[in-house]
Every structure is written in C-alpha cells, then in structure tokens.
Amino acid sequence: FAIGPEELKHTGTPLGTIMNYPRITPVWFRSTWDIYSRCDLVLTNKKDLNRRIYINGSTEAEMLRYQDDLTAHEIYKKDLTFNSYKFNSNDKVLILGSGGGRDVRLALLAGAGQITAVEINRGVINMVMEEKEYHGDIYGQENVRLVVEDARTFIMQDENSYDRIVLPLAHSFAFSDLSSIAQLESYLYTREAFREYFEHLKEEGTLTIFVDYPELAQKFILTALDYFQDMELPPLPAMRNIVALGTNYWSGYAYSIIIKKTPFRQRDVDKIISRIGEINVKALHLPYYYGNNDISRMAQGKLTPEEYIAKSSYYLAPSTDNNPFFLEVAMNYRYKLIILIAGMGILLLLVIIACLVSVTAGLKGNPAEKQIGSLKYFISYFIIIGICFMLVEIALTKRFSFYLGYPHLNLAVILSSLLVGCGLGALFSSAFKDKLPRRLSSVSVILGLLLIGTQLSLTPFIEHTVSFSLPVRSVLLAIYLLPSAFFLGMPFPLGLRLLKDKWGEDISWFWGINGISTVIGSVLSVVLAMVWGFNMVFYSAAIGYLGLAIISQRLT
C-alpha cells in the first residue's frame with residue numbers, strides 16, 4: 001500500500017512500463033486508495049500535453065491541459081476521438097465513463113453543447129478536482145454536468161434524450177489477471193444496454209464507441225446489428241447505420257464506431273471521407289463504399305453476421321446481461337480457468353483420499369461402529385453445498401452489480417442480506433429435532449425451486465424497480481434476497497448435525513472438503529457464465545440443491 005515511484009518501476013504493470021520509459025521521462029506525483037481502486041497521478045514531460053491517472057496501475061484516465069489559445073490544441077485536430085465528434089450533431093452529449101475528462105475536453109473543442117459526464121470512480125474524480133488549474137476545471141464548466149454513479153444504472157433511470165451518447169472504453173484492464181477474472185464482464189456493452197442507449201437517442205442521434213482492440217470493434221458492430229435485427233431491420237440495410245474508423249496516429253483510442261439511429265445519407269458519408277482524407281484516419285467500414293474485408297462483405301450481403309462470428313477465432317457474439325464477459329474477446333481466459341478448476345479438483349481429490357484413509361484407519365476393525373458405506377454420501381453432500389452456495393453468491397453479486405449504482409454498496413447489501421438470511425436459516429434449523437434427513441430433503445427441494453424462481457424473476461425485478469430511489473432499492477433488494485438466503489443457511493448446519501452423530505471425531509475433514517469446494521464453486525461460476533451465461537449458473541445451483549434431496553435420504 002505504501003509503494004512509491006521506485007517500486008512502481010518494477011511492478012510489471014502499464015504504469016511500471018511508463019515509469020521506465022526514457023523518452024517520456026514521467027514524474028510520479030501521488031497515489032490514493034479508495035474502496036474502488038488505487039489511483040496514481042503521473043505527469044509526462046513530453047510537452048506537458050497531458051497528465052495521466054492510472055487506475056490499479058493499468059487503465060489510463062487522461063487529463064488534457066487547458067490553454068486559452070485554441071491554436072495550442074492543433075494536435076487534437078488529427079485525433080480520432082475529436083474527429084468522431086465532428087460527424088453529426090453534438091447539441092446534447094452523454095459521456096459514459098468520462099474519467100479524467102479527456103473526452104469532455106475534446107467534445108467541448110468540437111463544439112458540443114450540453115454535456116452530461118458519468119463516472120463511477122470517485123478516486124479519479126477527486127484527483128481531477130485537485131488539478132483544476134491544469135485542465136481548466138473541466139467538470140466545473142457551465143455546460144458540463146458530472147454524475148458519479150454506475151453508467152448502466154444512470155441510463156436506466158435517465159429520462160433525457162441525447163444527440164450523441166459516447167462510450168469510451170470504460171473498463172479497467174487491471175482486472176485482467178486470474179485473481180480477479182470475474183471482473184472481466186461489463187454491463188455497458190451488452191445487447192440490453194444497447195437497447196437502452198438507442199431508446200435515449202434522438203431520431204438522428206448517434207452512439208459513439210471508442211476502443212483499442214480490432215476484435216472489440218468487430219464485436220460492437222455485431223452487437224449493433226443484433227439490436228437492429230430485434231428492431232426488424234435486417235443486417236444489410238442496418239450496415240448503413242454504422243461507420244467504423246481506425247488510426248495509427250497518436251490518439252486516446254485506436255478505433256471509433258459511430259452507430260446512427262437512422263441510416264447515414266450518402267452525402268454525410270462523403271463528408272466523412274473528405275474529413276478523414278485530411279488526417280491519418282482509415283475507414284474500416286463506410287456505408288455505400290466497400291472494400292475487401294469481411295465487414296464490407298457483410299455490408300454487401302455476401303456474409304451473414306452468424307457466418308462472420310463462426311468464421312472468427314474470437315468470441316465475437318454479442319454480449320448479453322446473461323453473459324456480459326465482453327473483454328473475453330481480447331483476453332480469452334476460459335481455458336486458464338478450466339486449468340485452475342482442474343488443479344483445485346486434484347487438491348480436493350487428495351483431501352478426500354486422506355479423509356478416507358483417516359476414517360478407515362479409525363475403524364480399528366469394528367465397522368459396526370460406523371457404516372463406511374454412508375461416507376461417500378457425506379463427502380458428496382459437503383462438496384455439493386460448497387460449490388452450489390458459491391454459484392448462487394457469485395451469480396447474485398454479478399447480476400445485481402449495477403442495480404444500486406455503486407459497486408461497494410451493491411456488494412454490501414447483497415452480502416449482508418445473504419449473511420443475515422443464512423444466519424436466520426441456520427438458527428431456525430436448530431428447531432428440527434428429529435427426522436433430519438427428511439427435513440433436509442424438504443429444505444433442498446424448496447431451495448432449488450426458490451433459485452429457479454429467483455432466476456426467472458431477476459430481470460423483471462431489476463427493470464421494474466431500478467427507477468426507485470436508492471434507499472427503496474436497497475430495501476427491496478434485501479427483501480428480494482432474504483427468502484433464498486434463509487433456506488441457503490440450512491443445509492450446512494443440518495449436515496453438520498447428521499455428521500456429528502455419525503462421524504463426529506472426523507468432522508474437520510468435511511470442513512476442509514467443503515472449504516475447497518467453495519473455491520472451486522467460485523471459479524466454476526465464472527466458467528459457466530462465460531460459456532452458458534449466469535442463467536445456467538442459477539440453474540446449476542438449483543439442480544445441485546434438488547440433488548441434495550436424494551442424497552439427504554442416504555445420510556443415515
């Protein structure tokens with residue numbers, strides 16, 4: 001936590017790389033921590049054009065220096081971001097993920113009118129506020145409104161319409177290691193999110209997305225086509241609503257996708273061609289003008305979106321709220337996760353073998369004291385409840401990640417609801433004095449059915465209550481989770497009571513088996529979500545608990 005500039009150089013992060021880059025000669029200013037991330041402010045001495053805030057040592061939030069003399073901003077006239085604002089109206093602009101204010105400054109330079117800037121990271125905003133003299137108080141401008149909140153939550157509650165909605169790649173690539181793989185999802189780039197964006201655009205409005213990877217550019221084009229197809233606009237005419245540009249010139253981003261709610265007219269495209277001809281920007285796709293690539297073939301009807309996706313070696317299928325892992329197109333981590341699960345499975349197997357050896361040795365030739373045949377059912381039982389509990393917890397945490405608008409608040413409400421509910425359920429289960437296997441079987445069936453009901457009602461619950469005030473949503477979320485949490489708290493203590501009567505002196509082995517199973521369950525939940533979606537995570541947990549109803553009858 002007390003890491004300084006010299007230590008930063010050896011961290012192996014993008015920040016560490018820039019701190020070692022001699023041509024830029026960066027100067028490290030300061031670092032702050034909050035519940036969301038670590039933020040480092042860095043000055044690059046290359047003409048002092050910008051200052052960068054590194055989020056978790058990785059993603060940059062850039063501040064541009066403000067100068068009264070507009071000729072000092074000539075360098076930005078060749079910038080892909082700036083030029084993307086020149087196509088179509090900018091009277092009312094919404095920027096989702098405004099960070100250090102770079103996109104706000106370029107929008108203002110491009111003549112934007114009213115700007116609403118949404119940023120979730122309070123640490124970034126605090127650093128920007130401390131540098132007002134440098135960037136000209138970008139968030140304090142008369143026509144700029146700053147909102148500190150989750151962007152998806154904001155757009156679902158907002159009632160305004162915009163000429164342009166801008167999505168800079170609002171995501172931290174610090175979450176690209178296996179230790180935090182579950183953070184590779186984002187609900188800003190799903191098919192359902194696109195529907196929200198287009199519902200908030202004026203008739204001639206545009207959705208503009210800036211990205212760094214060509215695979216992400218392709219994925220978002222396909223996501224737009226998927227949305228238009230839902231609106232009964234086939235892919236062939238829908239490609240006239242999309243312009244895709246790229247650049248190798250200095251820029252905050254390498255690709256820009258501009259998606260219009262209505263088709264681009266040919267004269268508009270001709271203006272774009274004239275504009276990009278003056279700067280170092282290339283066209284990946286322009287309506288009415290076709291090249292040799294697969295995007296052009298799709299625009300001409302020679303390749304369907306489904307064929308395009310199948311032909312690629314990347315996961316280009318549109319992300320959904322059920323499967324929001326959009327960054328997997330660039331990271332491709334699912335196989336590493338499977339290897340991690342396999343490693344944990346081997347560890348679990350070793351513990352099970354040790355358990356069997358220990359218990360068998362303890363029999364001392366008197367099998368009448370303990371029925372060794374039931375041991376396998378107890379082992380299976382504690383494996384299943386360990387895995388299934390984590391499947392439920394991770395799925396709930398992720399599916400509600402944008403519901404309250406603040407990640408730490410979402411996590412606090414969800415985990416506290418689960419803990420309170422589980423605690424009450426465990427307490428209530430102590431009232432069961434006899435026929436424990438039968439009662440455990442009933443609890444398992446009820447829990448399985450509750451989880452299926454939770455899955456079926458989750459999306460309608462979010463859509464119908466997200467517009468309520470924050471306190472009301474917090475209470476509603478807690479109430480919504482309590483029934484499932486109540487029954488989730490019963491299987492473990494009931495299993496321990498049965499275990500105590502049967503294998504009391506060996507109980508520590510089953511705690512270990514259950515503990516390893518929870519680790520496997522946490523990683524397995526992400527793999528299942530990546531491959532089949534979070535719906536399957538819920539259904540898998542429900543099936544697991546329903547299976548306990550059968551196993552419970554064997555715990556005698």
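**Contacts and overall make-up**

I began with the contacts in the chain that have a separation of 6 or more: 71% of them join residues 24 or more positions apart. I note that the model is predicted. I looked up the secondary structure next and found 22 helices and twelve strands. Then I checked burial. Of the 556 residues in the chain, 53% are buried.

**The cores**

I turned to the largest nonpolar core, which has 117 residues. Which of them touch the most other members? I found Y197, L207, I259 and F400. Helix α16 gives this core its largest share, 13 residues.

I picked L207 and listed its contacts, leaving aside neighbours within four places in sequence. Among them are I165, L167, F194 and Y197, and also I257, I258 and I259. Another core lies apart from the largest one and has 31 residues, including I55, Y85, V124 and V128.

**Helices α16 and α20**

I went back to α16, residues 375–399, and looked at how it packs with α20, residues 491–503. Their axes are 11 Å apart, at an angle of about 160°. Angles over 145 degrees count as roughly antiparallel, so that is how α16 and α20 run to each other. I recorded their crossing as left-handed.

Which residues meet here? From α16 I wrote down L375, F378, Y381, F382 and I385. On the α20 side, P491, F492, L499 and W503 are among them. The residues of this contact divide into eleven nonpolar, one polar and one charged.

Key
Residues are numbered from 1 along each chain as its sequence is written. This is a predicted model: local features need pLDDT of at least 70, side-chain atom pairs count only at pLDDT 80 or more; totals for chains, interfaces and linings use all residues. Side-chain values use heavy atoms; hydrogens and water are left out. Axes are lines fitted to C-alpha atoms, for helices over the stretch in contact, and angles run from 0 to 180 degrees between N-to-C directions. Helices (H or I, at least four residues) and strands (E, at least two) are DSSP runs, numbered from the N terminus. Angles under 35 degrees count as roughly parallel, over 145 as roughly antiparallel, 65 to 115 as roughly perpendicular and the rest as oblique. A crossing is left-handed if the near helix is turned anticlockwise from the far one by less than a right angle, and right-handed if clockwise. Contact means heavy atoms within 4.5 Å. Ala, Val, Leu, Ile, Met, Phe, Trp, Tyr, Cys and Pro count as nonpolar, Asp, Glu, Lys and Arg as charged, and the others, Gly among them, as polar. A nonpolar core is a set of buried Ala, Val, Leu, Ile, Met, Phe, Trp, Tyr and Cys residues joined through side-chain atoms within 4.5 Å. Buried means under 20% relative accessible area, exposed over 50%, partly exposed in between (1.4 Å probe, protein chains only).
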